[in-house]
Amino acid sequence: MPAILPEPVRRQVELSIKATGGGLCIVDIRAMAAEIRARFPAEDIAVPDIAATAIRFAGQCGIPVELSGLSER
C-alpha cells in the first residue's frame with residue numbers, strides 16, 4: 001500500500017496532473033513523480049508512492065498516463 005502523502009505534496013501532484021491540459025497530453029508518471037520528489041526533499045517520499053497517487057488522480061480525471069520505468073525490482 002502506498003504511503004499517504006503530506007498535503008503539500010498531494011496538492012502538487014494534483015496541480016501537475018491538471019497542468020497537462022485536461023488530457024490533451026500523456027503524463028509521464030515516472031518523470032513527474034521524480035520532479036515532485038525533488039521539490040520536496042525534506043519529505044523523503046519514495047517516487048513509487050508519489051507515482052501511485054498521481055496514477056489514481058489521473059485516472060479520476062480521465063488523463064492518459066505513461067507508466068514505463070515504474071517497475072519495482
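Which handedness does the crossing of α1 and α3 have? The crossing of α1 and α3 is right-handed, where right-handed means that the near helix is turned clockwise from the far one by less than a right angle, and left-handed means anticlockwise. Here is a short tour of the chain around that crossing.

This is a predicted model, in which local features need pLDDT of at least 70 and side-chain atom pairs count only at pLDDT 80 or more, while totals for chains, interfaces and linings use all residues. Residues are numbered from 1 along each chain as its sequence is written, and side-chain values use heavy atoms, with hydrogens and water left out.

**The chain as a whole**

- The secondary structure comes to three helices and two strands; helices (H or I, at least four residues) and strands (E, at least two) are DSSP runs, numbered from the N terminus.
- The chain has 73 residues, and 32% of them count as buried. Buried means under 20% relative accessible area, exposed means over 50%, and partly exposed is in between (1.4 Å probe, protein chains only).
- Take the contacts between residues at least 6 apart in sequence: 67% of them join residues at least 24 apart. Contact means heavy atoms within 4.5 Å.

**Helix α1 against helix α3**

- The axes of α1 and α3 are 10 Å apart, and the two helices pack at an angle of about 50 degrees. Axes are lines fitted to C-alpha atoms, for helices over the stretch in contact, and angles run from 0 to 180 degrees between N-to-C directions.
- That angle makes α1 oblique to α3. Angles under 35 degrees count as roughly parallel, over 145 as roughly antiparallel, 65 to 115 as roughly perpendicular, and the rest as oblique.
- On the α1 side, the contact is made by Val9, Arg10, Val13, Glu14, Ile17 and Lys18, and on the α3 side by Ile50, Thr53, Ala54, Phe57 and Ala58.
- By class, this contact of α1 with α3 has seven nonpolar, one polar and three charged residues. Ala, Val, Leu, Ile, Met, Phe, Trp, Tyr, Cys and Pro count as nonpolar, Asp, Glu, Lys and Arg as charged, and the others, Gly among them, as polar.
- Thr53 sits in helix α3, which covers residues 47-61. With 11% relative accessibility, Thr53 counts as buried.
- Setting aside neighbours within four places in sequence, Thr53 is in contact with Leu5, Arg10 and Val13.

**Helix α1 against helix α2**

- Helix α1 (residues 7-18) packs on helix α2 (residues 29-39) at an angle of about 140 degrees, and their axes are 11 Å apart.
- α1 and α2 are therefore oblique to each other, and α1 passes α2 in a right-handed crossing.
- From α1, the residues Val9, Gln12, Val13, Ser16 and Ile17 meet Ile29, Met32, Ile36 and Arg39 from α2.
- The residues of this contact of α1 with α2 divide into six nonpolar, two polar and one charged.

**Helix α2 against helix α3**

- The axes of α2 and α3 cross at roughly 120 degrees and come within 9 Å.
- That makes α2 oblique to α3, and α2 passes α3 in a right-handed crossing.
- Ile29, Arg30, Met32, Ala33, Ala34, Ile36 and Arg37 of α2 make the contact with Val47, Ile50, Ala51, Ala54 and Ile55 of α3.
- The residues of the contact of α2 with α3 divide into 10 nonpolar, no polar and two charged.

- Pro6 lies in the segment before α1 and counts as partly exposed, at 27% relative accessibility.
- Pro6 and Glu43 are 37 residues apart in sequence, yet 8.0 Å apart in space, C-alpha to C-alpha.
- Not counting residues up to four places away in sequence, Pro6 touches Glu43 and Ile45.
- Asp44 is found in the loop between α2 and α3, and at 60% relative accessibility Asp44 counts as exposed.
- Most residues other than glycine have a negative phi. Phi of Asp44 is near 50 degrees, a positive value in a residue other than glycine.

**Cysteines**

- A disulfide is a pair of cysteine sulfur atoms within 2.5 Å, and by this rule the count comes to zero disulfides.
- Cys25 is partly exposed, with a relative accessible area of 43%.
- Cys61 is also partly exposed, with a relative accessible area of 37%.
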